[in-house]
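Open the model in your viewer and keep the selection panel at hand. The stops below tell you what to pick and what is there.

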Amino acid sequence: MGAKQFGARVSRLEDSALLTGGGRFVDDTKLPGMLHACFVRSPHAHARLRSIDASAARDLPGVHAVFTADDLPASVGGNRMPMLVPNPAIEASLTQHCLAREEVCYVGQTVAVIVADSRYIAEDAVALVDVDYDVLPMASNCRDAVKPDAARAHSALANNIASTFRMGYGDVDAAFASAAHVFKEDIWQHRGGGMAMETRAVIASLDPSTDLLTVWSATQTPHIGRRMLADLLDRSLESIRVIAPDVGGGFGPKAIFYAEEAVIPAVAMLLRRPIKWIEDRREHFLCATQERDQYWTVEIAVDGEGKIKGVRGKLLHDTGAFVPWGIIMPYIAAATMPGPYVIPAYGLDVTVALTNKVATTPVRGAGRPQAVFAMERLMDRVARELKLDPAEVRFRNFIQPEQMPYSVGLTFRDGKPLVYDSGDYPQAQAEALRMINYEGFAVRKAQARAQGRFLGVGIGNYVEGTGLGPYEGVTVRVLPSGKVAVATGATNQGQGTRTTLSQIVADNLGCRIEDIVMTVGDTAAIPQGVGAFASRQAVNAGSSALMAGGAVRVQIVKLAAHVLGVSEDEIEVEDSIAIARGGNRPSLTFRELARLSQGMPGFSFAPGQSPGLEHTAYFTPPQASYCSGTHVVETDVDPMTGAVKILNYIVAHDSGNIINPLIVDGQIQGGVAHGIGNALLEWMKYDENAQPLTTTFADYLIPMATDVPTCKIAHIESPSPLNPLGVKGAGEGGTIPAAAAIIAAIEDALSEFGVHFAETPLVPERIVGALRTAGAYEKLGGLR
Amino acid sequence: MAKHQVSLKVNGRSVEREVDSRLTLVDFLRGELELTGTHVGCEHGVCGACTVLIDGRTARSCLTFAIQVDASDITTVEGLASADGGLNTLQQAFQDNHGLQCGFCTPGMLMSLTELLKDNPDPSEEQVRDVLTGNLCRCTGYAGIVAAALDAARRMRTGA
């Protein structure tokens, strides 16, 4: 038996090409006769579109065409885009037109597209398109937008309420009525964008000889994109191929199907020329979906010992101008709130507000960081009020491992009862506390204080629904060359999908990992697919890789046994060779077996033999699997500047069995960096006219190498019973509790001044402002 | 659009072209020379994905016009591999330390660290992180990149 790949720190198969400039991103593709597109976008957050005069743009040398909605085929130009995740609780079921008709509802909305010889000329022409707008009142802040007399985000709607729903269980009022203590927090959270380093990108090309439309897109979901294109362009699935080649980061916003992804193929078909559109960073700030403001008003009821009796409150979510991904995020947020704690009664009233800003859809964490922040702020409040240690309050309320599987009492986003499948929450927190030497912190803090430094420690616990269905498939096929072709609907934006699936196939088929030829992100490679979101690929595609690899191994054993004239239990398969255990150990290579498996023209197969060595498996999970963990953070806060330095960042992480620790550690570390951005830096600002103010990386800050420490990571492995690998998702857990732990640590560092924080991002001026209000500088004046 | 003649060296190869005055160096490298390893992440000089070496010093190729590099010697990520075409020490350290995920920022990271390690064969972690503030990475949280830089420096010093 070759060395087992599952669980090993296998170097990534993706790396060599990416390290030598040999990556293939969408923008790296150059087709003969290719033209370049640029979009005319709305400069207003809300306006009526009176007329568009593109004559001057059309006359510019090098411009081939300008298209408005009316110039597109009716199926693309006339209809609104399909909603990806509908839900009966959505009252205003609004998605946008591919190119605006009559009304624009956010800055950057696509109005027209210009096609030219070069991007340079196309951008010149944008300035020549004369669009006559009648500016309308706009809804900017979601708290104002839900007021009865608010300006409406859409002229056709009576109000700005996209959806209201209540999530909860138990007798909340009774729980609060009988509680010893009730504490309330008002919380504002903002999350900003995904900000993948590669912006969105689309190339479309129609081959007139085969009528095949090929679309390259920097997307997380090529199969969903193909379905959307079939719908919008009224074409068969077979006549569309969507390829997501190397994709330069996803983080959620690239899971959405965008207007540009429909317009560019439509235009390529009209002009019968390949068309390339590469989003620039400013467009990404304007038009790639974001997560944005959530306002939480929440209360916790506890007994005299700090045990939770109930949690209740309200959540207001800014969905922006449209709801392309439905109401998934506020739904997930509401379902994530109970977290790892026993909460006898829970109720949250959720309002989803429309505003004149780009739509919000999941960004790494997808509503969960907000819920965890709200819950953990409440736990810290309980600790402070009852003068208990924050870790102790959490220990008193944890769901215990022997309570698994634990039914929370809610329905999760997958429509299934929210039942935690496995996990050991007290162990994770205990391990994280041990790693940071929590017991020794008081001494460290006192020593630092004596030197005029302010140290704090904070804890964040979370439970995350991962591995969502419906399915992801894997095909394993032994090629005539003896190589092993693996195809999957799973996609790769940096997660190492190629490597982890290869590990699983190698183990379960019995081939050398270097013999695997993997195709990811190509609808031509496998008929059905879903894509990357909700930390779902290890569970779904990983399990399918196990199943498909195992099925082909059975075929190999049958064939080899038949050919070698031995019984099937005599056959071993390893390192791409089938060997009979007995006698002089006769063997057949995969190459020989692949040829034998095709049979000979005119000759019948042996009984039970099937053509080829090939199997496609589509694993479908019964429900979400629940990843969990604890982050503990130690910060050094400078009260004079509001600067926060993270001294020590501990993660105790439980994503079940681990396929590749190298990759999981990378996912956690990267997720934490995103969480640090959320906690301290990232703020997509709009003014009162819903004009975006932060549209460069100089205005909108994402973490730099000096902002992110190297985390210390412990793995708690509670296998999931819900899939054959025992794995859970690992892509988002690093982000989810980060802001909760960091803000708690900042508050702790400044505890002597009695300042409290209930917002993210917590930027330096807010820290200084709070300290000023609390009179901190009068106290510090004597010191400095 | 006025055209200008430029002649320069790119990865050791002599190149002569006629270019528009407004053509950026990164578009020249990617479009004209088909060296697509250098990436465009922000086009406003912050993210560093487009970093190349101009006469040995790092520069943003998105903020440099092609006509500015006439008579210069440019190195891009395609010019880093070792003589046998395999990964060089820094590139190998990136793979060994999981210094990349999506790989989009990676070429710029490699160019910045190539300059650093040439200037300072024994940098501290703090110096590495300081240099890396010129390059944004959204995937890795920088830990693997920092580890790779320090590992590469050690391997280069010891010949390991």
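Which residue in β17(A) does A:Y169 stand opposite? Select the pair: A:Y169 faces A:Y346. Before moving on, note that this is a predicted model, where local features need pLDDT of at least 70, side-chain atom pairs count only at pLDDT 80 or more, and totals for chains, interfaces and linings use all residues. Residues are numbered from 1 along each chain as its sequence is written, while chains are lettered from A and ligands numbered from 1 in the order in which they are written.

**Stop 1: the sheet.** Strands here are DSSP E runs of at least two residues, helices are H or I runs of at least four, and both are numbered from the N terminus. Two strands pair if DSSP finds at least two bridges between them. Now show the open sheet of six strands in chain A: β7-β17-β16-β15-β8-β31, with mixed pairing. β7 (161–169) and β31 (759–760) of chain A are at the edges; each has a single partner strand, so one side of each lacks a neighbour in the sheet.

**Stop 2: helix α19.** Select residues 738–749 of chain A. In α19(A), 12 of 12 residues are buried (20 or more other C-beta atoms within 10 Å of a residue's own, with C-beta atoms placed from the backbone). Among them are A:I742, A:E747 and A:D748.

**Stop 3: the core.** Centre on A:I742. With A:I114, it has the most contacts inside the largest nonpolar core, a set of 309 residues. Such a core joins buried Ala, Val, Leu, Ile, Met, Phe, Trp, Tyr and Cys residues through C-beta atoms within 7 Å. Helix α16 (537–564) of chain A gives the most to this core, 11 residues. Beyond four places in sequence, A:I742 touches A:G458, A:V633, A:T635, A:I676, A:A679 and A:L680. Contact means C-beta atoms, placed from the backbone, within 7 Å.

**Stop 4: the chain interface.** Show both chains. 43 residues of chain B are in contact with 42 residues of chain A. On the chain B side, α2(B) gives the largest share, four residues.

Conventions
The expected span of a helix is 1.5 Å times one less than its number of residues. Two residues are in contact if their C-beta atoms, placed from the backbone, lie within 7 Å.
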